[in-house]
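Colleague: I am new to this structure and would like to learn how to read its features. Could we go through them one at a time?

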Amino acid sequence: MTKLTTHALDTYSGKPAKGMKVDVYFITDKKEKIKSVVLNKDGRSEEDLVDTVKVGNYELIFHVGDYFENKIELQKPKFLGEVSIKFGISNSKEKYHVPILVSPWSYSTYRGS
C-alpha cells in the first residue's frame with residue numbers, strides 16, 4: 001500500500017513531538033494545501049498525509065516554533081518558526097516516510113522506511 005507518513009522527534013526533550021502541527025502541500029505550478037495534521041503522543045499522524053500518493057513535488061511544514069513555545073521560553077524572534085521540507089515522489093507505488101529530528105535551534109531529516 002502506498003503511503004506518505006511523517007514522524008517528529010523532539011531532540012531537546014528526547015521525546016516524540018506530541019501536538020506539533022504539520023501542513024501538507026502538493027506543488028505544481030501552484031502550492032495546493034492538502035491538509036493539516038496534529039501529531040499524536042508518538043509524534044506521528046493518526047492518518048495518512050494524503051489520500052492518494054501522486055508522482056510530483058510535496059512540502060511538509062512543521063510548526064516547530066509554536067510547538068517549542070509551549071514547552072520552553074524562547075527568545076524573540078524564534079530561531080526556528082516553521083521548518084519546510086520539500087521533496088519529490090518519483091514512484092507512487094512506494095512508501096514515503098519523512099521523519100524529522102528537531103530542537104528549537106536545529107533539525108535533520110531523511111527518507112525513512
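Modeller: Let us begin with a definition: a salt bridge is a side-chain nitrogen of Lys or Arg within 4 Å of a carboxyl oxygen of Asp or Glu. By this rule the count here comes to 9 salt bridges. Please keep in mind that this is a predicted model, in which local features need pLDDT of at least 70 and side-chain atom pairs count only at pLDDT 80 or more, while totals for chains, interfaces and linings use all residues. Residues are numbered from 1 along each chain as its sequence is written, and side-chain values use heavy atoms, with hydrogens and water left out.

Colleague: Which residue forms a salt bridge with E59?

Modeller: The partner of E59 is K31, and their closest N and O atoms are 2.9 Å apart. Since strands (E, at least two residues) and helices (H or I, at least four) are DSSP runs numbered from the N terminus, the elements can be named: E59 lies in strand β5 and K31 in strand β4 (residues 31–38), so the pair ties together parts that are 28 residues apart in sequence.

Colleague: Is E59 buried or exposed?

Modeller: Buried means under 20% relative accessible area, exposed means over 50%, and partly exposed lies in between, with a 1.4 Å probe and protein chains only. At 4% relative accessibility E59 counts as buried, whereas K31 is partly exposed, with a relative accessible area of 45%. A salt bridge also joins K35 and E47, whose closest N and O atoms are 2.8 Å apart; K35 lies in strand β4 and E47 in the loop between β4 and β5, so this pair ties together parts 12 residues apart in sequence.

Colleague: Which residues are linked in a network of salt bridges?

Modeller: The network links D66, E69, K76 and K78, and within it the side chains of E69 and K78 meet at 3.8 Å, N to O.

Colleague: How should I read a pair of aromatic rings?

Modeller: A pair of aromatic rings is described by the distance of the centres and the angle of the planes. Rings of Phe, Tyr and Trp (its six-membered ring) pair if their centres lie within 6.5 Å; planes under 30 degrees apart count as stacked, over 60 as edge-to-face and the rest as tilted. A search of the whole structure finds 4 aromatic pairs. In one of these, the rings of Y12 and W105 have their centres 5.8 Å apart and their planes at 65°, so the pair is edge-to-face. This pair links distant parts of the chain, with Y12 in the loop between β1 (4–10) and β2 (15–16) and W105 in the loop between β7 and β8, 93 residues apart. Y58 and F87, by their 5.9 Å centre to centre and 15° between the planes, form a stacked pair. Y58 lies in strand β5 (residues 56–62) and F87 in strand β6 (residues 83–89), so the pair ties together parts that are 29 residues apart in sequence. Y58 is buried, at a relative accessible area of 2%, and F87 also counts as buried, at 15%.

Colleague: Where does a charge sit over a ring?

Modeller: The rule asks for NZ of Lys or CZ of Arg within 6 Å of the ring centre and within 35 degrees of the ring normal. K31 lies over the face of Y25, at 4.6 Å from the ring centre, and the charged end of R111 sits over the ring of Y96, 3.8 Å from its centre.
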